[in-house]
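Read each task, have a go yourself, and then follow the solution step by step.

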Amino acid sequence: MVVNTDRFALDCITRLRLIETGSQAPLNRKVRSKMKISARNIFRGQIESVKTGAVNSEVDLLLSGGEKLVAMVTNESVQSLGLAAGKEVVALVKASSVLVMTDDSGIRLSARNCLAGTVKTVTAGPVSAEITITLAGGAEVHATITHNAETELGLKEGSAATAVFKASAVILGVPA
Amino acid sequence: MVVNTDRFALDCITRLRLIETGSQAPLNRKVRSKMKISARNIFRGQIESVKTGAVNSEVDLLLSGGEKLVAMVTNESVQSLGLAAGKEVVALVKASSVLVMTDDSGIRLSARNCLAGTVKTVTAGPVSAEITITLAGGAEVHATITHNAETELGLKEGSAATAVFKASAVILGVPA
Amino acid sequence: MVVNTDRFALDCITRLRLIETGSQAPLNRKVRSKMKISARNIFRGQIESVKTGAVNSEVDLLLSGGEKLVAMVTNESVQSLGLAAGKEVVALVKASSVLVMTDDSGIRLSARNCLAGTVKTVTAGPVSAEITITLAGGAEVHATITHNAETELGLKEGSAATAVFKASAVILGVPA
């Protein structure tokens, strides 16, 4: 599948700090300086399908780097944003919504989004810690966890780690 | 629409720290000292409508300051709390559920709650930062974001900023 | 009701750091050293019922310590994990999803999960604070709140406190 991001890029890339996925080039300073929202995780992708319920809809995305992502939004948002298969969107996830798993052997989770990678950086404070995980395609995912959890997991640069978050943690955005 | 908050106030204001909205007077120390829950954001409002699905319901609120708010709760809660149009409620939102957006030009989000205002204070730690945004009517909204996001957004006193959170981040409360 | 956790324990306990509930023995260092995920709250329980909607399902749990817990997950997860009444699961809750309430008199909340206990420890940083609450049965619940909220609530060792979180904040896990 080819994601035509050119026009969307013109509309959107310069307005938001994007976590580049897959084959995307790293962000330059110019783009970063134009970011407008505090969400640490902003993924670009295309809608594969929308499953509509009575009040909520599940939206399945294919990220430009090849990963799958699932979002749960209200039907009202599906309508007002015109969300439908084929539409290009950005998916925003707050770092505080992301768990870090260092070994998934033996357990399966209901969380629909699991992105595997390698710990790039650990920034620890007295209570919180911010973990940056680099995915296989080069994208980065940020998670804030407690300092205690970070210590107990023994997270350090180069550790294998998976970022986990629920579909309900994802906010979708489209060009106005 | 006139929201009669007098009786609800007697029931509720002295028990919870309220973020005053619109025409409300600032909280005095006496009220603040009686707050009972850690949610940094507590809004007072009246239910406009309840849209019920199979397991979840969307509840639309009109805040006493005139803002609209949307909450997603389980049908069980709608029944046990007697949520229905006209009922007065408080809406609680944890600061960690709130994103901060400094410019919404060019992007529309699925997040149902967006409250525009001005940055009042920025408290930064090594990993986290707490941002307080004053809305037009005088109400305050608190957000915890990463220190990195706060730095990259260049948030400072007086900056225009919008607090963004999903309907699923809202907890509703009613007098017992 | 008797929860047969023996086999599940073999499958799962050694893989995850479990918050022991009710009659469970405290975790030893060996088990703690094998934890694999950053979620500070991991409860063990058995599914009592699954209520399925159009896209989401509500899952009611009975924890091994006797507490009730409610989770909201997608139907897709219910199917892929084989969630059904009687099945043993773990429930994961990020500390940042948990509110702390020090007095619930006079207010009823839509949040489906409220666990009452006593503050064991308060770890405060410049922006955040981690609160550990010991439940009646000996289990521990962790919450990260703002330092400001912690100060205003006057939380300290021995204070009565209730951990509050939404059903949508719960992730379920099963042995692979």
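## Exercises on strands, chains and contacts

In strand β11 of chain C, the residue C:Val174 is the bridge partner of A:Arg108. Keep in mind that this is a predicted model.

**Exercise 1. Find which strands are joined by the bridge between A:Arg108 and C:Val174, and give their direction.**

Step 1. Start from the pair itself: A:Arg108 is bridged to C:Val174, and the latter belongs to β11(C).

**Exercise 2. Describe the contact between chain C and chain A: how many residues does each chain give, and how much area is buried?**

Step 1. Begin with the residues: chain C brings 43 residues to the contact, and chain A brings 36 residues.

Step 2. Turn to the area. The size of an interface is often given as the accessible area lost when the parts come together. For chain C and chain A this is about 3,100 Å², with 61% of it on carbon and sulfur atoms.

Step 3. Next come the polar contacts: 16 residue pairs, both residues at pLDDT 80 or more, are in polar contact between chain C and chain A.

Step 4. Ask which elements take part. On the side of chain C that touches chain A, two or more residues come from each of several elements, including β3 (68-74), α3 (75-81) and β7 (113-124) of chain C. The element that gives the most is β11(C), with 6 residues.

Step 5. Sort this side of chain C by class: 23 residues are nonpolar, 12 are polar and 8 are charged.

**Exercise 3. Find the salt bridge between chain C and chain A, and then one inside chain B.**

Step 1. Recall the idea. Side chains of opposite charge can pair when their charged atoms come close.

Step 2. Between chain C and chain A there is 1 salt bridge. Its partners are A:Glu152 and C:Arg40, at 3.5 Å from N to O.

Step 3. Move to chain B, where B:Glu130 and B:Arg40 form a salt bridge whose closest N and O atoms are 3.1 Å apart. B:Glu130 sits in strand β8 and B:Arg40 in the loop between α2 and β1 of chain B, so this pair ties together parts that are 90 residues apart in sequence.

Step 4. For the overall count, the structure holds 18 salt bridges over all chains.

**Exercise 4. Work out how chain C and chain A are related, and say why the copies meet through different surfaces.**

Step 1. Superpose chain C on chain A: a rotation of 120° with 0.0 Å of shift along its axis does this, with an RMSD of 0.0 Å. The two copies are therefore related as by a three-fold rotation axis.

Step 2. Compare the interface residues. Only 19% of the interface residues of chain C are also interface residues in chain A, so the copies meet through different surfaces.

**Exercise 5. Look at the contact between chain B and chain A, and find which element of chain B gives the most residues.**

Step 1. Count the residues: 36 residues of chain B are in contact with 44 residues of chain A.

Step 2. Identify the salt bridge, in which the side chains of B:Glu152 and A:Arg40 meet at 3.5 Å, N to O.

Step 3. Find the main contributor: α4(B) gives the most to the side of chain B that touches chain A, with 4 residues. By class, this side of chain B has 15 nonpolar, 14 polar and 7 charged residues.

Step 4. Finish with the strands. β11 of chain A, residues 170-175, pairs with β6(B) in the antiparallel sense over 3 bridges. Within this pairing, A:Pro175 has B:Ile107 as its bridge partner.

**Exercise 6. Stay within chain A and find which strands pair with β1(A).**

Step 1. One partner is β4 of chain A, residues 88-93, which pairs with β1 in the antiparallel sense over 6 bridges. Here A:Gln46 is bridged to A:Glu88.

Step 2. Another partner is β2 of chain A, residues 56-63, antiparallel to β1(A) over 7 bridges. In β2(A), A:Leu61 is the bridge partner of A:Ile47.

Step 3. Follow the chain from β1(A) to β2(A): a hairpin joins them through 3 residues.

How values were computed. Residues are numbered from 1 along each chain as its sequence is written. Chains are lettered from A and ligands numbered from 1 in the order in which they are written. This is a predicted model: local features need pLDDT of at least 70, side-chain atom pairs count only at pLDDT 80 or more; totals for chains, interfaces and linings use all residues. Side-chain values use heavy atoms; hydrogens and water are left out. Contact means heavy atoms within 4.5 Å. Buried area is the accessible area (1.4 Å probe) that two parts lose on being put together, summed over both. A salt bridge is a side-chain nitrogen of Lys or Arg within 4 Å of a carboxyl oxygen of Asp or Glu. A polar contact is a pair of N or O atoms within 3.5 Å; within protein, one must be able to donate a hydrogen and the other to accept it, and residues adjacent in sequence count only if both atoms are side-chain atoms. Ala, Val, Leu, Ile, Met, Phe, Trp, Tyr, Cys and Pro count as nonpolar, Asp, Glu, Lys and Arg as charged, and the others, Gly among them, as polar. Two strands pair if DSSP finds at least two bridges between them. Copies are superposed by least squares on the C-alpha atoms of residues with pLDDT of at least 70 in both.
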